[in-house]
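Work through the exercises below with the structure at hand. Try each task before you read its solution.

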Amino acid sequence: MSGERGTLGGSFQFAARGILETVASQRNMHIHLVSAVLVATFGSAVPLGLAEQLGLLVSIFLVLSAEVMNSAIEAAVEKPFEEGLRVE
(Lines give C-alpha, C1' and ligand atoms only; values in the text may rest on other atoms or scores of the structure.)
Protein backbone atom coordinates (compact mmCIF):
# COMPACT_ATOMS: atom_id res chain seq x y z
CA MET A 1 0.00 0.00 0.00
CA SER A 2 2.95 2.34 0.53
CA GLY A 3 3.61 2.53 -3.21
CA GLU A 4 0.06 3.42 -4.19
CA ARG A 5 -0.69 6.80 -5.68
CA GLY A 6 -2.19 9.25 -3.21
CA THR A 7 -0.95 7.55 -0.06
CA LEU A 8 1.50 9.05 2.40
CA GLY A 9 4.00 6.26 1.73
CA GLY A 10 3.68 6.78 -2.00
CA SER A 11 4.36 10.49 -1.57
CA PHE A 12 7.55 9.79 0.37
CA GLN A 13 8.68 7.26 -2.23
CA PHE A 14 8.03 9.79 -5.00
CA ALA A 15 10.00 12.47 -3.11
CA ALA A 16 12.89 10.07 -2.43
CA ARG A 17 13.06 9.18 -6.13
CA GLY A 18 13.26 12.87 -7.02
CA ILE A 19 16.07 13.49 -4.56
CA LEU A 20 18.01 10.45 -5.77
CA GLU A 21 17.53 11.52 -9.39
CA THR A 22 18.88 14.97 -8.51
CA VAL A 23 21.91 13.44 -6.79
CA ALA A 24 22.53 11.14 -9.75
CA SER A 25 22.15 13.73 -12.51
CA GLN A 26 23.19 17.15 -11.22
CA ARG A 27 26.85 18.15 -11.02
CA ASN A 28 26.13 20.99 -8.59
CA MET A 29 24.41 18.57 -6.22
CA HIS A 30 27.60 16.51 -6.13
CA ILE A 31 29.54 19.63 -5.21
CA HIS A 32 27.05 20.50 -2.47
CA LEU A 33 27.15 16.97 -1.06
CA VAL A 34 30.96 16.97 -0.92
CA SER A 35 30.84 20.38 0.74
CA ALA A 36 28.25 19.13 3.24
CA VAL A 37 30.44 16.17 4.16
CA LEU A 38 33.45 18.47 4.59
CA VAL A 39 31.49 20.90 6.75
CA ALA A 40 30.15 18.04 8.87
CA THR A 41 33.63 16.55 9.21
CA PHE A 42 35.30 19.80 10.22
CA GLY A 43 32.32 20.73 12.38
CA SER A 44 32.67 17.52 14.34
CA ALA A 45 36.42 18.06 14.74
CA VAL A 46 35.93 21.47 16.35
CA PRO A 47 34.28 21.77 19.74
CA LEU A 48 30.96 23.43 19.00
CA GLY A 49 27.99 24.09 21.20
CA LEU A 50 24.59 22.64 20.48
CA ALA A 51 23.36 25.86 18.85
CA GLU A 52 26.33 25.95 16.46
CA GLN A 53 25.90 22.27 15.54
CA LEU A 54 22.22 22.80 14.84
CA GLY A 55 23.09 25.89 12.81
CA LEU A 56 25.44 23.84 10.65
CA LEU A 57 22.84 21.11 10.15
CA VAL A 58 20.11 23.59 9.25
CA SER A 59 22.46 25.38 6.85
CA ILE A 60 23.41 22.12 5.13
CA PHE A 61 19.74 21.15 4.87
CA LEU A 62 18.79 24.53 3.40
CA VAL A 63 21.55 24.42 0.77
CA LEU A 64 20.67 20.87 -0.31
CA SER A 65 16.96 21.70 -0.35
CA ALA A 66 17.57 24.81 -2.45
CA GLU A 67 19.60 22.77 -4.94
CA VAL A 68 16.82 20.19 -5.28
CA MET A 69 14.27 22.99 -5.78
CA ASN A 70 16.53 24.67 -8.35
CA SER A 71 16.90 21.41 -10.26
CA ALA A 72 13.12 20.90 -10.25
CA ILE A 73 12.53 24.43 -11.58
CA GLU A 74 15.16 23.95 -14.29
CA ALA A 75 13.55 20.67 -15.36
CA ALA A 76 10.10 22.27 -15.47
CA VAL A 77 11.36 25.18 -17.58
CA GLU A 78 13.29 22.92 -19.98
CA LYS A 79 10.45 20.39 -20.42
CA PRO A 80 8.46 22.35 -23.07
CA PHE A 81 11.60 22.88 -25.14
CA GLU A 82 12.40 19.16 -25.04
CA GLU A 83 8.91 18.52 -26.42
CA GLY A 84 9.45 20.81 -29.38
CA LEU A 85 8.18 24.20 -28.23
CA ARG A 86 9.56 26.94 -30.43
CA VAL A 87 10.06 30.50 -29.25
CA GLU A 88 9.79 33.00 -32.07
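Predicted model: local features only at pLDDT ≥ 70, side-chain atom pairs only at ≥ 80, totals over all residues.

**Exercise 1. Describe the largest pocket and its lining.**

Step 1. Take the volume. The largest pocket holds about 390 Å³ of space.

Step 2. Look to the centre. The lining has 17 residues, and the closest to the centre are Gly 18, Thr 22, Val 68, Ser 71 and Ala 72.

Step 3. Assign the lining to helices. Helix 1 and helix 3 (50-82) each supply at least two residues. Helix 3 gives the most, with nine.

Step 4. Sort by class. Eight lining residues are nonpolar, six are polar and three are charged.

**Exercise 2. Find the buried and exposed sides of helix 2.**

Step 1. Size up the helix. Helix 2 (residues 27-45) has 19 residues and spans 27 Å from first C-alpha to last, close to the expected 27 Å.

Step 2. Pick out the buried residues. They are Met 29, Ala 36 and Gly 43. Their arc around the axis is only 55°, so they sit on the same side of helix 2.

Step 3. Turn to the other side. There, Arg 27, Val 34, Val 37, Phe 42 and Ala 45 are exposed.

Step 4. Ask what covers the buried residues of helix 2. The cover includes helix 1 and helix 3.

Conventions
Residues numbered from 1 in each chain as written. Heavy atoms only, no water. 1 Å grid on protein atoms, 1.4 Å probe; cavity = no way out; pocket = protein on both sides within 12 Å on 5 of 7 lines; lining within 4 Å. Points joined across faces, edges and corners; volume = space filled by probe spheres on them. Helix = DSSP H or I, 4+ residues; strand = E, 2+ residues; numbered from the N terminus. Nonpolar A, V, L, I, M, F, W, Y, C, P; charged D, E, K, R; others polar. Expected span 1.5 Å × (residues − 1). Buried < 20%, exposed > 50% of the residue type's maximum accessible area, 1.4 Å probe, protein only. Arc of directions from axis to C-beta. Contact = heavy atoms within 4.5 Å.
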